[in-house]
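Visitor: I would like to know how the words used for a structure follow from its numbers. Please show it to me, and then I will ask.

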Amino acid sequence: MLFYVQVLLRLSKQNHKRISLAVPLISTAVVGHEFGPYDVTIHTERAIAYAKAVGGDESPDYGDSLAPVMVVAAALTELIEDLGLFSGGLQTIHAGQEASWDRPVKIGEKVDAIGRLAANSIRRGNHFATVSVSYKDSTGSEIGTSSTTIIVSGEET
Amino acid sequence: MGDALTGFERHITQDRVDAYAEASGDHNPIHLNEEYASTTQFGTRIAHGMLSLALVTEMLTSAFPNSWHHGGKLKVRFSAPVFPGEIVTTYGEITEIKEEDGQLIVTCTIGCKKPDGTDAVAGQATVPLE
């Protein structure tokens, strides 16, 4: 099965497309597995949706920049999809989040997110996984990092 | 030290959750589909955890407008789900100011509380001062 998944992942990377896996990747991925790069460029429409979701009278003025945590959220969505966690029957709990930023990100600025599985263990039938992410601008310079810890239950083992 | 950051209340409506799904791209039905969500351990739809964290970072951006996005760090745990219809409150307090390599660094406890006073999100942030 591991070979099957690895072949599919290789094909996926070669074709720059996602392939749906019958077995969620979190079941087979080993520490060090890399994800992406994901293009997490945030354009105006999504920035407006973010302001609608989060904003209020006292909200700060971001000007033409984004709240960095929005970029983290965009990368997290990609990671969850690649880990196969939108599969039916699985329940994912977002347990913890770390993030750091070196500079603001502009709306529409090209940002790539590259993930790495930093931990993946099973305790009492639940997966505990941590994925670290590096965010890079168009020059390849790192502008931020994040680390997400999730707990996944409901998988048949 | 001991100074409180200016927190705020936010009514987490389903409209906000729907908008956050558009913003983040996270259309997991546990946030959007009541029929599906009723089959989960929560029994109903829940807001994205990152939405609560986003509110906390709004507070940090207001408190440190020139430095939060230039070297700010946070580490939080998501302790409890927020349900659409609830009013949550962000909070923060400065717990330490220290110098590192000639730079003043502020450490704050941060979080977002549910109406019953329990934490939805709680943790720590560090921010370099200008």
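Visitor: What share of the residues of chain A count as buried, and what makes a residue buried?

Guide: This is a predicted model. Of the 157 residues of chain A, 46% count as buried. The word applies to a residue with under 20% relative accessible area. The accessible surface of chain A is about 7800 Å², and carbon and sulfur atoms hold 52% of that surface.

Visitor: Which elements does chain A have, and in what pattern?

Guide: Chain A has three helices and seven strands. Along the sequence they follow the pattern α-β-α-β-α-β-β-β-β-β. Among contacts in chain A between residues at least 6 apart in sequence, 67% join residues at least 24 apart.

Visitor: How many strands form the open sheet, and in what order?

Guide: The open sheet has 10 strands, in the order E1(A)-E5(A)-E6(A)-E7(A)-E3(A)-E2(B)-E5(B)-E4(B)-E3(B)-E1(B), with antiparallel pairing. Strand E1 (34–39) of chain A and strand E1 (9–11) of chain B each have a single partner strand, so they stand at the edges, with one side of each left without a neighbour in the sheet. From one strand to the next, the twist averages 20°.

Visitor: How do you know that E3(A) and E2(B) pair?

Guide: Pairing needs at least two bridges between the strands. Five bridges join strand E3 (residues 91–101) of chain A to E2(B), so the two count as paired, and they run antiparallel. One of the positions is Ala99(A), whose bridge partner in E2(B) is Leu74(B).

Visitor: Which residues make the covered face of strand E2 of chain B, and which the uncovered one?

Guide: Leu74(B), Val76(B) and Phe78(B) make the covered face, while Lys73(B), Lys75(B) and Arg77(B) make the uncovered one. In a regular strand the side chains alternate between the two faces of the sheet.

Visitor: Why is the contact of Glu98(A) and Lys75(B) called a salt bridge?

Guide: The cut-off is 4 Å between a side-chain nitrogen of Lys or Arg and a carboxyl oxygen of Asp or Glu. For Glu98(A) and Lys75(B) the N to O value is 3.9 Å, therefore the pair counts as a salt bridge. Glu98(A) lies in strand E3 of chain A and Lys75(B) in strand E2 of chain B, so the pair joins two chains.

Visitor: Are these two residues exposed or partly exposed?

Guide: Exposed means over 50% relative accessible area. Lys75(B), at 52%, therefore counts as exposed. Glu98(A) has 34%, so it is partly exposed.

Visitor: What makes Glu109(A) buried, and what does it form a salt bridge with?

Guide: Glu109(A) has 17% relative accessibility, which is under 20%, so it counts as buried. It forms a salt bridge with Arg103(A), the closest N and O atoms being 2.5 Å apart. Arg103(A), at 26%, is partly exposed. Asp137(A) is linked with Arg103(A) and Glu109(A) in a network of salt bridges.

Visitor: How many salt bridges are there over all chains?

Guide: A search of the whole structure finds 10. Among them is the one between Lys110(A) and Asp112(A), with the closest N and O atoms 2.7 Å apart. Lys110(A), at 37%, is partly exposed, and Asp112(A), at 23%, is partly exposed as well.

Visitor: How do you know that E6(A) and E7(A) pair, and what lies between them?

Guide: 10 bridges join strand E6 (residues 126–136) of chain A to strand E7 (residues 142–153) of chain A, and at least two are needed, so they pair. Ser134(A), for example, stands opposite Thr145(A) in E7(A). The hairpin has five residues between the strands, and Gly140(A) takes a positive phi near 90°.

Key. Residues are numbered from 1 along each chain as its sequence is written. Chains are lettered from A and ligands numbered from 1 in the order in which they are written. This is a predicted model: local features need pLDDT of at least 70, side-chain atom pairs count only at pLDDT 80 or more; totals for chains, interfaces and linings use all residues. Side-chain values use heavy atoms; hydrogens and water are left out. Helices (H or I, at least four residues) and strands (E, at least two) are DSSP runs, numbered from the N terminus. Axes are lines fitted to C-alpha atoms, for helices over the stretch in contact, and angles run from 0 to 180 degrees between N-to-C directions. Buried means under 20% relative accessible area, exposed over 50%, partly exposed in between (1.4 Å probe, protein chains only). Contact means heavy atoms within 4.5 Å. Accessible areas come from the Shrake-Rupley method with a 1.4 Å probe; for residues, only the protein chains shown count as cover.
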